Amino acid sequence: MIITVLSGKGGTGKTTVATNLALSLENVQLLDADVEEPDACIFIKPDFADEYEIVYRLIPVVDEAKCTACRKCVDFCEYNALALMLDSILVFPEICHSCGGCARICPVGAISEKEREIGKIKWDHSKRPLEFWQGELNIGEESPVPVIEKLKEHIDPEKTVIIDAQPGTTCPAIEAAIDSDYCILVTEPTPFGLNDLRMAVEVMRETGKNFGVIINRSEDEYDGIIEEYCAREGIDILLKIPFAKEIARLYSKGISFVEELPEWKPRFQELFKKIEGLVR
Amino acid sequence: MLIGISASDNRGLDAKMDSRFGRANFFAIVDTENMEARFIENSAASADSGAGVGAAQLFADQNVAAVISGDFGPKAFIALKTAGIELYSYRGSTIREAVEAYKNGELRELGVSSNNGHAGFRQV
């Protein structure tokens, strides 16, 4: 079973939910797919032991001797990763999406593709029963998707998999969610939280994902904004994490609250059982 | 000689300059001989990425000799330099002002890109 934790808005508590849930379960993999700023490691405190796998993707290389400056590749590229300047093709690797279209469309075979290092995968298997994996996008790279794809290759179908996604509703968040059996949307009871939750819900519906909501920093007097929306849309509210000083204090020290507040592990285990029931 | 300028609107020489190069709403092409201006709408104004490169390509295709904008990112800078186009950073109110400043020799050519791009922190 693969569960992806998402949120439209950043800073709502994806990592809080993903780490606390993972630490409450047996035989579990936690994948930090927020590869532009992975931070689950703050709470998991892994030892990566200097081991990593390099993530490559393909970018075009133009053979100037063969290129006739016909500019078919420039016109084809949706992302402006190629430009024709004074009869020579410039390649901007950071914005290339590695679709390979330019190499295919080139009528004289002047474009080949070469590997470019764009990120790393790191892991720590010593924190039993939790197996931790982290993707990292190199600084200056624009597309996290290939790193997330590579990270997902390490999914063990024998385990429960929790994926911590990137905030937002663009390609990287969708890539993290697309193969999951269930998605948890984390939100907060504010107008911003609601606005971005709406966008995340749209993505869920568009991609046909099974999903429910967790309200983080929940306060009775404010939760109505999310509760009313969810009731209207027929969306399950799976759990509320209160706006509590003790939880914030532990967070500020990099401690997952399930490790210090004994009542919470059973709640996350119950949440998992509920999700299992919803998926079946 | 033709000069390219990033513009917020397309109301002739009194069009407002846009300090953003790749994400300006319009690109003005001004002929310095007769001060005639024409405008091209920027289809890449809201592109996810590559707006600067797209704008550089457009100006290169129009055979401009120089481009005036507020800021140029690193990719647009490289593309324009490769095409042999001069880059000038200027913050004026209208494109007329920008062209006059250019003609009066008040603008200094940029040697390095004037911002570091928008893809987060970049390594030097």
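This is a predicted model: local features need pLDDT of at least 70, side-chain atom pairs count only at pLDDT 80 or more; totals for chains, interfaces and linings use all residues.
**Stop 1: chain A as a whole**

Stay with chain A and switch to the C-alpha trace. Along its principal axes, that trace spans about 70 × 45 × 35 Å. Chain A has 280 residues, and buried ones make up 46% of them.

**Stop 2: two helices in chain A**

Next, select residues 191-207 of chain A, which form helix α7, together with residues 224-233, which form helix α8. Their axes come within 9 Å and cross at roughly 25°. Angles under 35 degrees count as roughly parallel, so α7(A) is roughly parallel to α8(A). As for handedness, α7(A) passes α8(A) in a right-handed crossing.

Show the side chains where the two helices touch. On the α7(A) side, pick out A:Pro191, A:Gly193, A:Leu194, A:Leu197 and A:Val201. Facing them from α8(A) are A:Ile225, A:Ile226, A:Tyr229 and A:Glu233. Color this contact by residue class and you get 7 nonpolar residues, 1 polar and 1 charged.

**Stop 3: the cores**

Which residues touch the most other members of the largest nonpolar core? Select A:Val5, A:Leu30, A:Ile162 and A:Leu185: in this core of 60 residues, they are the ones. Zoom in on A:Ile162 and ignore its neighbours within four places in sequence. What remains in contact with A:Ile162 is A:Ile3, A:Val5, A:Ala18, A:Leu21, A:Ala22, A:Val28 and A:Leu30.

There is a second, separate core of 53 residues to look at too. To find it, select A:Cys96, B:Ile68, B:Leu80 and B:Ile95, which are among its members. A bit of background for this stop: in soluble globular proteins, nonpolar side chains tend to be buried together.

**Stop 4: where the chains meet**

Bring both chains into view. Here 15 residues of chain A are in contact with 18 residues of chain B. On the chain A side, go to strand β4, residues 82-85: this strand supplies the largest share of the side that touches chain B, namely 3 residues. By class, the chain A side divides into 11 nonpolar, 2 polar and 2 charged residues.

**Stop 5: chain B**

Now hide chain A. Chain B comes to 3 helices and 5 strands, and reading along its sequence gives the pattern β-β-β-α-β-α-β-α. Of its 124 residues, 41% count as buried. Among contacts in chain B with a separation of 6 or more, residues 24 or more positions apart account for 51%.

**Stop 6: two helices in chain B**

For the last stop, select helix α1 (residues 51-61) and helix α2 (residues 74-82) of chain B. Are they roughly parallel or roughly antiparallel to each other? Their axes come within 7 Å and cross at roughly 20°, and α1(B) and α2(B) are therefore roughly parallel. Their crossing is right-handed.

Sorted by class, the contact of α1(B) with α2(B) has 6 nonpolar, 2 polar and 1 charged residues.

How values were computed. Residues are numbered from 1 along each chain as its sequence is written. Chains are lettered from A and ligands numbered from 1 in the order in which they are written. Axes are lines fitted to C-alpha atoms, for helices over the stretch in contact, and angles run from 0 to 180 degrees between N-to-C directions. Helices (H or I, at least four residues) and strands (E, at least two) are DSSP runs, numbered from the N terminus. Angles under 35 degrees count as roughly parallel, over 145 as roughly antiparallel, 65 to 115 as roughly perpendicular and the rest as oblique. A crossing is left-handed if the near helix is turned anticlockwise from the far one by less than a right angle, and right-handed if clockwise. Two residues are in contact if their C-beta atoms, placed from the backbone, lie within 7 Å. Ala, Val, Leu, Ile, Met, Phe, Trp, Tyr, Cys and Pro count as nonpolar, Asp, Glu, Lys and Arg as charged, and the others, Gly among them, as polar. A nonpolar core is a set of buried Ala, Val, Leu, Ile, Met, Phe, Trp, Tyr and Cys residues joined through C-beta atoms within 7 Å. A residue is buried if 20 or more other C-beta atoms lie within 10 Å of its own, exposed if 12 or fewer, and partly exposed in between; C-beta atoms are placed from the backbone.
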